[in-house]
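Here are my notes for someone opening this one for the first time. Have a look at it, then read on.

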Amino acid sequence: MAGLHLPRRALLGGLAAAAALPWLPAARATPAASQRRFLFVQALGGWDLTKVFAPVLDSADVEVEPEAALGLAGALPYVDHPNRPSVAAFFDRWGDQAALLHGLYVASIAHPSAIRLLLSGSLDAADADWATRIAAQAPDDPVLPHLVVGGLYYAGELGVHVGRAGSAGQLQGLSTGELLSQSDQRVVAPDPALSGEVDAWLAQAIASAQEGAGTAARAHRLDAHAQALERAGRVKDSEGLLDFRGGDVLDEQVAVAVAALSQGVSRCVTLAHPRRDDQVEWDTHALNEGVQSELFEDLFAGLGRLMDALQASPGPAGGSLADETVVVVLSELARTPTLNASNGRDHWPCTSALILGPGVRGGQAVGAYNAQLYGQPVDLASGEASESGTWLGPEHLGATLLALADIDPREAGVPAEPIEGLLA
Amino acid sequence: MVIGALWLACATAPVDSASPGPTLPEADAVTLLNRASLDLRGRRPTQAELEAVEADPAALDALLDEMVDDPGFPERLVALYAEVFRTRADRFLVSLDNDVDFLDTDRALAFKHAVGEEPLRLVAYLAEQELPYTELVTADYTLANPLLLEHLPLEALEEGEGWVPARYLDDRPAAGVLSSTGLWWRYTSTFENANRGRAQAIGRILLCDDRFEAAVSFQGTTADLEERVRTDPSCTGCHATLDPLGSYLWGFVWRNQEAWLEVTRYNPTQEGDWAVTTGISPELYGQPGHDLRGLGRQLAADPRFVGCAVETAMELLLNRGLQVEDARWFTQHREDFLGSGLSLKALYRSVVDNPVYRAADSDEDWAAPLRTVRPDQLAGSLEALTGYRWTWQGNDMLDTDARGVRVLIGGVDGVLATSPAADPSTTTVLALERVAEAAAQWAVGREGELDPAERTLFLEVDLTADPGDAAVAVQVQALLLRCHGRRHALDSELVLGLTALWRALADSTQSPRQAWVLVLSGIFRHPDFLVY
């Protein structure tokens with residue numbers, strides 16, 4: 001019965017309150033890799049590398065903004081621009097813990113397949129995304145191993161481990177029964193104690209059915225049902241202390257995520273920027289420059305507040321949540337080096353990811369772009385570009401994330417080695 | 001999808017010369033009755049149907065014939081094809097903000113839902129009216145409900161409530177779903193992207209050509225990407241098809257997706273804009289064309305269109321992608337479809353005879369995976385059994401995500417969730433519990449006010465009295481027959497367990513009625529109600 005011990009309302013009265021009340025642990029614990037939690041932020045649609053990630057500033061083949069300049073956070077280079085002060089502020093504060101992973105080739109320039117490939121390394125519907133795979137092996141059996149507050153997920157054959165919060169906090173209403181108040185035919189949820197008796201009968205009935213399942217497929221389905229029923233019971237037992245509400249924008253999603261991670265409700269949480277149901281805002285085939293600039297400024301301002309909230313909140317392993325949580329920020333595609341006739345940029349197949357947190361060797365860029373904005377092969381041991389190195393793809397991202405979670409990528413069926421150079 | 005391989009294997013071969021295909025033991029008639037009823041009508045069979053098949057398994061085939069004539073069949077197709085078209089989203093990229101009538105959130109949600117259903121309603125109409133499936137891309141009408149008639153440039157062609165045939169008044173070429181607002185609101189394009197995403201959608205939905213979504217290699221490239229698009233076989237393989245197909249669709253390119261008058265109308269003056277953008281003239285897989293109406297005719301004449309219809313029906317009912325072993329039956333279903341004049345009723349009736357469809361549970365690779373009820377089947381079954389449908393402010397809570405629990409309970413929104421969940425998750429279980437509790441409460445409340453002769457579920461007991469364990473067991477047995485579609489013996493573990501549950505609940509609440517509510521909710525939450 002892990003993870004339902006901390007009354008969220010005592011911890012967070014909202015994101016601002018969390019940031020204003022810094023939580024100072026008596027002793028900073030370094031959690032084992034198997035205890036690390038993960039927070040994924042999806043900026044789906046395809047981001048423009050020239051705005052932050054790829055400081056290719058003097059190439060005739062790459063159009064950059066007039067005032068773009070090289071920014072350095074220690075040894076970590078990025079693109080600095082006066083219109084995006086939050087980017088510099090973020091790297092100044094968190095750059096020593098952050099790594100930029102460059103030159104990830106996603107083998108598609110179509111959004112649906114690119115998203116699936118980046119998030120799971122595969123187009124096979126049976127394969128789950130990285131977050132769900134990591135969540136499925138959570139050692140403490142959280143009630144919602146992979147909580148999706150915004151964005152996409154691919155459950156594959158691990159569907160029992162992933163669930164959405166709902167775009168209007170529906171999970172909260174389901175857990176308490178309050179959602180039934182929204183019914184044109186008037187009904188009320190029964191007394192929780194009575195429905196608990198039904199739960200107990202149902203658990204026994206499923207156990208009996210498992211004994212006579214007949215086929216492996218049916219046995220698997222019944223196992224999942226039993227596991228989901230037990231977890232749902234724990235959600236209901238929390239009597240509303242868990243709070244899955246929150247709005248559409250990133251800050252509001254962060255409030256849900258911080259609570260879920262802090263209370264051990266989830267090992268992985270997925271959010272979307274700028275909105276929880278969005279996968280188009282970053283897709284700037286027209287008017288790219290201004291829109292992408294605003295999106296990056298908003299994203300990094302939000303990431304800064306996210307990190308503040310993580311640092312201000314206790315983690316289940318005893319440290320601050322920032323000590324226990326790996327933050328992964330990604331976009332399935334990038335955008336072309338030059339502008340099109342509509343001042344937009346079209347799809348580009350190699351992208352970057354921002355990874356920071358425990359286990360990450362921060363303050364560095366892993367991989368590189370050339371003067372045409374193509375990714376370069378990488379020496380996996382050092383993380384440096386090398387002609388004899390490995391071309392990076394989603395499978396390397398996945399292998400590295402699994403390694404950060406103390407999961408052997410090979411045993412998990414990922415056909416790639418982790419990028420050791422990114423690991424602390 | 002294996003349509004290409006199957007088409008090549010089967011296009012010219014007579015049925016009996018194809019490979020024999022796999023053999024699997026057939027499921028019993030009651031299992032098949034439940035399976036087909038849920039798949040074709042979206043609800044469990046009636047008690048009379050169950051008893052007829054129990055008495056004579058040979059009665060099944062006649063009942064299957066009736067199911068495709070049931071009003072539930074076209075409604076079921078709306079839900080099934082929503083997984084294919086992926087248009088039933090709660091949010092579109094275009095903005096409704098400039099239509100003042102949509103200040104009411106519930107009304108805006110209902111409108112968007114209707115827009116997403118527009119192409120699906122044409123599928124349903126073709127099935128209901130037994131019109132040739134080619135009208136999906138050639139019809140000179142669409143389907144519209146009162147909300148669409150009010151806000152889109154449409155006029156009804158028939159009187160009636162609900163969805164009726166209608167015609168656009170903005171000079172758009174009539175080409176079935178290709179002329180619908182719903183398809184192109186879901187799959188938008190920009191001037192620069194030149195309808196490639198839309199062409200990809202046409203290929204996937206209507207021709208089962210999903211190679212555009214396959215992975216391609218970009219690694220190691222040092223050449224200019226635009227140049228590669230034109231010259232590299234790994235790029236031209238798709239772009240040579242996508243780019244000219246996209247050239248048919250310029251009348252639906254909206255320069256300002258915030259402008260209500262623009263996104264609700266077709267612009268015929270833009271039809272030739274391909275000439276000043278890509279410079280690539282309209283073609284369907286190498287066959288030159290002219291306009292959207294012509295594209296519809298080209299698609300209807302393309303053998304892959306009929307093959308894709310068959311493949312789609314098979315995949316939807318078999319609950320898996322096609323395999324080479326399916327070749328023989330693919331041919332059979334195609335022959336049945338063609339022989340019927342391209343009737344969807346005939347096609348689906350044919351697929352229900354597929355031995356893989358009719359097989360008992362199996363772990364064999366070619367067997368159909370276990371089926372889990374989709375939200376529409378859950379809602380339909382509960383409504384048929386109890387009279388309860390979870391709606392709020394008129395919106396179906398199992399068919400929306402903005403307010404409801406469609407994706408949380410395992411369904412598809414077509415954007416963030418494109419395939420239904422197979423395994424139950426924590427959210428599935430919670431959502432199922434709540435809708436089960438609501439339906440059970442509604443049923444007990446309603447039947448408690450009826451004369452016993454008018455009841456449909458509680459025929460064996462007085463809901464206000466303790467009838468004794470023997471009578472409770474008889475009533476439980478009857479409920480299981482109606483709700484799970486299977487008769488359990490009075491001394492079976494399930495009947496005894498539910499009887500004991502009723503006793504415990506009645507004792508603790510001193511309310512037989514409340515005990516029945518909770519027992520019925522338990523029956524609805526049992527795996528046998530979910531998996532079929």
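**Notes on the two chains**

1. The contact (heavy atoms within 4.5 Å) draws 78 residues from chain B and 85 residues from chain A. A word on the ground rules: this is a predicted model, where local features need pLDDT of at least 70, side-chain atom pairs count only at pLDDT 80 or more, and totals for chains, interfaces and linings use all residues. Residues are numbered from 1 along each chain as its sequence is written, chains are lettered from A and ligands numbered from 1 in the order in which they are written, and side-chain values use heavy atoms, with hydrogens and water left out.

2. About 6,900 Å² is buried between chain B and chain A, 60% of it on carbon and sulfur atoms; that is accessible area (1.4 Å probe) lost on putting the two parts together, summed over both. On the chain B side, Arg91(B), Leu416(B) and Arg434(B) lose the most area to chain A, together 11% of what that side buries.

3. Arg91(B) also makes a salt bridge with Glu281(A), with the closest N and O atoms 3.5 Å apart.

4. Which element gives the largest share of the chain B side? Helix H19(B) does, with eleven residues; helices here are DSSP runs of H or I with at least four residues, strands are E runs of at least two, and both are numbered from the N terminus. By residue type, that side divides into 36 nonpolar, 26 polar and 16 charged (nonpolar: Ala, Val, Leu, Ile, Met, Phe, Trp, Tyr, Cys and Pro; charged: Asp, Glu, Lys and Arg; polar: the others, Gly among them).

5. Chain B has an open, antiparallel sheet of three strands in the order E1-E3-E2. Strands E1 (142-144) and E2 (154-156) of chain B are at the edges with a single partner strand each, so one side of each has no neighbour in the sheet. E1(B) and E3(B) (residues 164-168) pair over three bridges, where pairing takes at least two DSSP bridges; Thr142(B) has Ala166(B) as its bridge partner in E3(B).

6. Over in chain A, strands E2 (residues 69-73) and E3 (residues 76-80) pair antiparallel over five bridges, and Gly71(A) stands opposite Tyr78(A). The two strands form a hairpin with two residues between them, and Gly74(A) in the turn has a positive phi of about 65 degrees.

How values were computed
Salt bridge = Lys/Arg side-chain N within 4 Å of Asp/Glu carboxyl O.
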